Amino acid sequence: MKKVRFSVNLAIMGMEDSCKELFQQHFYQIALDYCQNNDIHEYLVIHQEIPFKIRLIVVESLDQLIKETSKLKNLDALIICINIYNTQSINQYTPHSLNQFTQQYNFQVLTVFVGVDSYYIEKGVPSEYFRISRLNLIKKTNELNFIYCFEIQNKSEDIDAILEQILYDILLRFQTSSPESLVRAKSYGQELLKGKYNQNS
């Protein structure tokens with residue numbers, strides 16, 4: 001059987017305290033296979049029986065983003081992470097600061113703005129500390145002309161929701177441009193899943 005799978009080039013950007021490493025940890029947990037090639041992390045994941053190779057780069061700054069994305073032929077999705085208890089972090093990102101990036105990709109990239117509730121993730125309860133509100137997260141998403149806005153409180157469920165949204169949008173492209181490849185990819189995904197279940201039985 002021909003091994004048909006779809007590639008997703010994903011960049012995650014965030015300051016040191018943004019908790020962006022949560023995505024790497026989650027992808028590693030759900031991946032059927034993983035490897036690292038220089039600064040690019042590659043995860044083989046199954047979504048709706050379709051195999052995807054997620055090629056991930058993780059950066060802290062816009063300069064680093066421009067430099068690292070040059071290692072990829074194209075970029076499919078960008079996630080910007082902020083820690084909602086670092087109230088200055090939201091001001092690091094403006095349409096002007098992202099201008100070079102948006103010009104390079106001409107808004108062809110799926111864009112996601114994510115606020116991480118680090119206190120809730122660690123303690124399991126809401127915090128009374130001053131934080132960036134959900135309303136301000138949505139305002140910043142609109143200001144940057146990003147497509148999606150999420151808040152992470154439950155690591156697995158919320159990161160799954162973000163990943164599912166990205167992969168759903170990418171699947172829609174293939175359903176239009178290459179429906180026959182989608183059928184072959186699904187067959188290969190079913191074989192991969194069957195092998196996984198046989199190993200676990």
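Buried, in this report, means under 20% relative accessible area, exposed means over 50%, and partly exposed lies in between (1.4 Å probe, protein chains only). The model is predicted, so local features need pLDDT of at least 70 and side-chain atom pairs count only at pLDDT 80 or more, while totals for chains, interfaces and linings use all residues. Residues are numbered from 1 along each chain as its sequence is written, and side-chain values use heavy atoms, with hydrogens and water left out.

**Aromatic rings**

Let us begin with the rings. Rings of Phe, Tyr and Trp (its six-membered ring) pair if their centres lie within 6.5 Å; planes under 30 degrees apart count as stacked, over 60 as edge-to-face and the rest as tilted.

| Pair | Centre to centre | Angle between planes | Type |
|---|---|---|---|
| Tyr 34 and Tyr 43 | 5.0 Å | 40° | tilted |
| Tyr 85 and Tyr 119 | 6.4 Å | 65° | edge-to-face |

Helices (H or I, at least four residues) and strands (E, at least two) are DSSP runs, numbered from the N terminus. Tyr 119 counts as partly exposed because its relative accessibility is 26%. Tyr 34 is partly exposed too, at 29%, whereas Tyr 43 is buried at 2%. Tyr 34 and Tyr 43 also belong to one aromatic cluster with Phe 23, Phe 27 and Tyr 28.

**Asp 76**

Next comes a residue in the loop between α2 (62–69) and β5 (77–83), namely Asp 76. With 10% relative accessibility, Asp 76 counts as buried. Its side chain makes a polar contact (a pair of N or O atoms within 3.5 Å; within protein, one must be able to donate a hydrogen and the other to accept it, and residues adjacent in sequence count only if both atoms are side-chain atoms) with the side chain of Asn 74, at 3.2 Å. The side chain of Asp 76 also reaches the backbone nitrogen of Asn 9 at 2.7 Å. Contact means heavy atoms within 4.5 Å; beyond its neighbours within four places in sequence, Asp 76 is in contact with residues including Ser 7, Val 109 and Arg 173.
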